[in-house]
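Hi,

Here is the model I promised to pass on.

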Amino acid sequence: MKHSYLLILLLLILPGCDDPSLDQGDTSGDEILEPMPSLVELSSIDIAENQPGNITDQIQLSYDNNGLIELINFGGSLNLTYELTYADNNRLIGIQSSGNNSIAYTINYPADEIVMSFTEGNTQIERRLFTDTQNRINRILEFSTDSNGNRMQSLDRRFEYNQNFNVTRINNFDAASNLISYVELDYEFNNNPFRDMNDVLRLLLFPDFVPYTRYLPLEQREFSLTSGNTVLLRSISYTYQLREDQFPVSREVTLTEMSGSTTSFEFFNYR
């Protein structure tokens with residue numbers, strides 16, 4: 001399966017990971033506190049097409065002295081490098097890509113939303129991301145402004161969650177609020193290796209891995225609505241090899257479309 005890590009990778013951004021070290025609760029009295037879990041940090045991901053040994057792409061992550069990801073290199077056919085900039089509070093505020101695409105992303109955090117701005121060709125793009133009462137992204141609005149100053153809404157995406165903080169459905173609407181497509185996701189128990197990564201970062205650059213959920217998916221199905229008819233465009237199924245702590249060592253990805261099926265493999269390496 002060919003992985004795409006370009007601008008559509010912005011669509012599922014969440015507002016910054018909660019740092020568990022900042023939420024210790026009341027330590028008075030005889031309450032026994034749970035030990036702080038170790039952070040899970042990916043060092044690289046290898047991607048193979050058709051056969052496990054046919055490695056075509058590698059993603060390498062570099063960390064600074066504070067444990068923040070400062071550089072991500074998508075090697076092989078992807079040929080993309082992302083350099084990350086943080087504010088003093090470790091909030092991600094800028095991303096500069098180079099290689100196949102050179103784009104500067106600016107990230108701002110006004111009240112109750114995140115706003116990402118960038119320019120693609122002659123089009124200025126603004127994405128506004130809204131959260132629910134549990135600090136989960138539940139809607140994304142995108143606006144595009146062309147070289148003549150004409151501004152239009154180009155995206156309205158809304159998310160549904162289950163009690164385990166997993167996205168079960170993603171709905172896409174047109175500018176008139178008509179449902180035009182949706183994605184359904186199913187899960188089985190495992191641990192998501194992206195869970196301790198900055199949310200803005202993981203959802204911008206790793207959407208093919210579905211990193212924004214607590215678990216990784218077992219299957220996802222993508223549907224389109226055309227003239228009142230619902231059409232299954234494609235489905236993706238995942239088969240995992242897990243460590244004892246239920247984090248994946250690898251997974252087999254089977255993409256099924258009308259034209260047939262393809263298989264790829266992903267291998268997860270940790271620091």
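Which residues do ring pairs link into a cluster? They are F74, Y82, F194, F206, F209 and F268. Before the rest, some housekeeping: this is a predicted model, where local features need pLDDT of at least 70, side-chain atom pairs count only at pLDDT 80 or more, and totals for chains, interfaces and linings use all residues. Residues are numbered from 1 along each chain as its sequence is written, and side-chain values use heavy atoms, with hydrogens and water left out.

**Rings**

Searching the whole structure gives 11 aromatic pairs (rings of Phe, Tyr and Trp, the last by its six-membered ring, with centres within 6.5 Å; planes under 30 degrees apart are stacked, over 60 edge-to-face, the rest tilted). In one of them, F194 and F206, the ring centres are 5.2 Å apart and the planes sit at 45°, so this pair is tilted. F194 comes from the loop between β12 (179-187) and α1 (199-205), while F206 is in the loop between α1 and β13 (217-226), so the pair ties together parts 12 residues apart in sequence. (Helices are DSSP runs of H or I with at least four residues, strands are runs of E with at least two, and both are numbered from the N terminus.) F194 is buried, at 0% relative accessibility, and F206 is buried at 0% as well. Buried here is under 20% relative accessible area, exposed is over 50%, and partly exposed is in between (1.4 Å probe, protein chains only).

F247 and Y270 make an edge-to-face pair, with centres 6.4 Å apart and planes at 70°. F247 lies in the loop between β14 (229-242) and β15 (248-257) and Y270 in strand β16 (residues 260-270), so parts 23 residues apart in sequence are tied together. Both F247 and Y270 are buried.

Y270 also has a charge over its face: R243, 4.3 Å from the ring centre. The charged end of R91 does likewise over the ring of Y109, at 4.1 Å from its centre. The rule wants NZ of Lys or CZ of Arg within 6 Å of the ring centre and within 35 degrees of the ring normal.

**Strands**

Strand β1 (residues 42-49) has seven of its eight residues buried. β1 runs antiparallel to β16 over seven bridges, with E49 opposite S264. On to β2 (residues 55-63): five bridges join this strand to β1, again antiparallel, and D46 stands opposite Q58. Strands pair if DSSP finds at least two bridges between them. In the hairpin of β1 and β2, with five residues between the strands, N50 takes a positive phi near 70°.

**Salt bridges**

There are 15 salt bridges, counting a side-chain nitrogen of Lys or Arg within 4 Å of a carboxyl oxygen of Asp or Glu. R234 and E222 form one, with the closest N and O atoms 2.9 Å apart. That pair links R234 in strand β14 with E222 in strand β13, 12 residues apart. R234 is partly exposed at 25% relative accessible area, whereas E222 counts as buried at 18%. Salt bridges with shared partners join R169, E184, D186, E219 and R221 into one network. Within that group, R169 and E184 have their closest N and O atoms 3.9 Å apart.

Cheers
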